[in-house]
Amino acid sequence: MDPSASTKALPRNYRLFRKIVLAGVVAYLLFSVLSGIVIADLSLKLHRLPLRHRQTIAAAVRADFHAELQEVSIGASDGVVLKGWYVHPSAYNGNAVVLLHGITDNREGVAGYGHLLLEHGYAVLLPDARRHGESGGELATYGVKEADDIHRWVSWIYRQDPPQCVYGFGESYGAALMLQSLAVENRFCAVAVESAFSTAREMSFERVSGPLHLQAWFGRTLGRPAIWSAMVYARVRYGVDLLQPSPLEAVRSSKVPVLLIHGEADRNIAPRHSQLIANAAPDHVELWLVPHAGHTMAWDAAHQEFESRLLGWFASHPSSLQHHAVQVLPTALSDSD
């Protein structure tokens, strides 16, 4: 055997291996870029779920609470028309609650919570988030624009039907929006949310890893090119920073009391997100981890305790003078009064 032939083969094999690795890296980066574009478009242009039970809900409101299901609307800062329902029960306790639905859902998705609160005398406002239900908007921005939308809804309540207190409740996507509104809205007497994410950055690691049934480590490492691509594409194409939303920072900068509810068996948004928020603001945040509860399933898993905790949380945070500073909302469009 010729030793020189063996030594010549090694460099050739190494060069071939290097080309294969380089081609693989290029292919993976290209795939990541394309995946990022798809992720960005799917995240911002959500499927709309139409309202299907308007008449049934209106009939229940009349029969159970001797009230009307009022169709209301306001204008957002960018001119988008936001729509919702408002109910003022005959047995009114002087307070109102804003109820926010989950992603790709609409106001009907939180009608059950509305019924619970109406039974205890609260007026309820059920808005469709932008790009959801009957509200306008081409993009869902995960709190970037929705925080001010909620601020305007609170102003609408104080102007149209001034309460002693406005409280808030949201689940999943609505939970994240509710918490982010605290950065611009300090008139809530208290809020309660279920299954909120902590930051869009932390959530992105899990979302990229999820389809591959991998843990968040994948998103933090090999999945980063796809996340980076989605962020750049969304910013350049739509002017939206997908990694900007941060319920955690909004809660940290606020003094509004927050009850965090999270199922220990939540596989959609891990309980650690609520734990991160609670640890960031322990002076005004309370965390309830619900055993055996999946995503937004606390009411099903612990029905009586859920109701007592939610109602008790609101009752234990009555109004203070700072919550009655009414801010004029010049862009309000209409209501059914």
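Helices here are DSSP runs of H or I with at least four residues, strands are E runs of at least two, and both are numbered from the N terminus. Arg-15 sits in helix α1 (residues 3-44). With a relative accessibility of 41%, Arg-15 is partly exposed, since buried means under 20% relative accessible area, exposed over 50%, and partly exposed in between (1.4 Å probe, protein chains only).

This is a predicted model in which local features need pLDDT of at least 70, side-chain atom pairs count only at pLDDT 80 or more, and totals for chains, interfaces and linings use all residues. Residues are numbered from 1 along each chain as its sequence is written, and side-chain values use heavy atoms, with hydrogens and water left out.

Let's turn to the strands. Five of the six residues of strand β1 (residues 70-75) are buried. β1 pairs with strand β2 (residues 81-87) in the antiparallel sense, over six bridges; pairing requires that DSSP finds at least two bridges between two strands. Within this pairing, Val-72 stands opposite Gly-84 of β2.

Five residues separate the two strands of the hairpin, and in the turn Gly-79 has a positive phi of about 90 degrees.

How many residues of helix α5 (residues 173-181) are buried? Nine of its nine are, among them Tyr-173, Leu-177 and Gln-180.

Helix α6 (residues 200-209) holds Val-208, which is buried at a relative accessible area of 15%. Val-208 and Arg-220 are twelve residues apart in sequence, and their C-alpha atoms are 9.2 Å apart in space.
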